Amino acid sequence: MPMTGSHQLVGWMGVTLSVPENWDLVQVKGNRFDGYLRFEEEGLLRCEVQWTLVSAGRVVLDEQVERYLQSLEQLLRKQGKTVTVRRNLHLVSRRQVKRNVRDFQWQAGQVGYGMMWFCEECRKALVAQVVGYEHEPVRQWAQQVFLSLSDHADGDWETWALYGLRFEVPVGWQLGATELTPGKIRLTFRLDDDALTVARFGPASVLLKGKALEEFAVQALGDEIVKQFVIHYRMERFKGHEGMELVGKDKRGTSPLQVFLRRLRTAAPFPRFFGRLWQCEETNRLYLATGSLSPEHEQLWERFANSVRCHESDEK
């Protein structure tokens, strides 16, 4: 299916790219220093992206491409396949991607188009390939995927997007606790003692059966948040949906002893809690954004919460 049709944006650890909507993200692993993404269509490999941080030294792309192709050829020949390799196809240029880049093609029953680059700014070495059959427009797919790739944020916020969930996080906040299951996605980002969390639950029609949104909110927030904060809520509308605005104060702030002990450690006051929970009828899912934020980071809350998309298209 040509990529001129529906597509999806995927963002993970600062790496973003756009792929056809029917390519499933089946593997996500690693971190900012070493990571890997794999996309398949009905069990067939369609795209792979791998990156590694090169902390020091010079990266000679021609040498790295040769090593990669030698390894690939050995693997395919062990499978009894005849391999043909072409280099320097000029699928993408340094002017287009603003990085030192090399590309290549291999054929072994299937056809694969690959690209390797090194970014001087973030010092990531990245290799990507798109795979298909000769009757498919694999070259076109590859060119479009490669041109959509980025290995770091352009500004102070970076895009995260996977499995239909999309949002932005300030650069420098690090991914902590993660849940990626069919019925629940929850990602928490931390900077010092502060935290930003985004979650998606579904299907909403099942989770809310015989249950008010307020009851689900207690369950969704979790014991740790409920125990730490006194939380108040009011019903609001977000993105055209009914939802709840949550605000809370740290319970430790009412204890003179806890206040005294905290001042021994830091001059910063206890964090405040912010949250939004809403039901999106179009996707039949529930979305939650929360922040446990000290005063210096409270100004981040509105942009973070507003960045969480539910039924909006990636085109917007």
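Modeller: Let's start from one side chain. Leaving aside neighbours within four places in sequence, phenylalanine 146 is in contact (heavy atoms within 4.5 Å) with Leu91, Val92, Val97, Tyr113, Gly114, Met115, Trp117, Ala128, Gln129 and Val130. Before going on, a word on the ground rules: this is a predicted model, where local features need pLDDT of at least 70 and side-chain atom pairs count only at pLDDT 80 or more, while totals for chains, interfaces and linings use all residues. Residues are numbered from 1 along each chain as its sequence is written, and side-chain values use heavy atoms, with hydrogens and water left out.

Now the helix. Helix α3 spans residues 138–148, and its buried residues are Val138, Trp141, Ala142, Val145 and Phe146. Buried here means under 20% relative accessible area, exposed means over 50%, and partly exposed is in between, with a 1.4 Å probe and protein chains only. Helices (H or I, at least four residues) and strands (E, at least two) are DSSP runs, numbered from the N terminus. Why do those five sit on the same side of α3? They cover an arc of only 120° around the axis, the arc being that of the directions from the helix axis to the C-beta atoms. As a rule, an α-helix has 3.6 residues a turn, so residues three or four places apart point the same way.

What does that side pack against? The buried residues of α3 pack against β2 (15–20), β5 (44–53), α2 (94–97), β8 (110–118) and β9 (124–132). Phe146 also turns up in the largest nonpolar core, which has 57 residues; those with the most contacts inside it are Leu17, Val49, Phe146, Leu149 and Phe167. A nonpolar core is a set of buried Ala, Val, Leu, Ile, Met, Phe, Trp, Tyr and Cys residues joined through side-chain atoms within 4.5 Å. The largest share of this core, 5 residues, comes from α3.

Of the strands that α3 packs against, take β8. In β8, 9 of its 9 residues are buried. Gln110, Gly112, Gly114, Met116 and Phe118 lie on one side, with Val111, Tyr113, Met115 and Trp117 on the other. In a regular strand the side chains alternate between the two faces of the sheet.

Tryptophan 106 stands opposite glycine 112 in β8, and methionine 115 stands opposite alanine 128 in β9. The hairpin of β7 and β8 has 1 residue between the strands, and glycine 109 in the turn has a positive phi of about 85°. Between β8 and β9 there are 5 residues, and arginine 123 takes a positive phi near 60° in that hairpin.

One polar side chain is worth a stop. Glutamine 105, in strand β7 (residues 100–108), is buried at a relative accessible area of 5%. The side chains of glutamine 105 and tyrosine 113 are joined by a polar contact of 3.0 Å. A polar contact is a pair of N or O atoms within 3.5 Å; within protein, one must be able to donate a hydrogen and the other to accept it, and residues adjacent in sequence count only if both atoms are side-chain atoms. Tyr113 is also among the residues that phenylalanine 146 contacts.

Notes. Two strands pair if DSSP finds at least two bridges between them.
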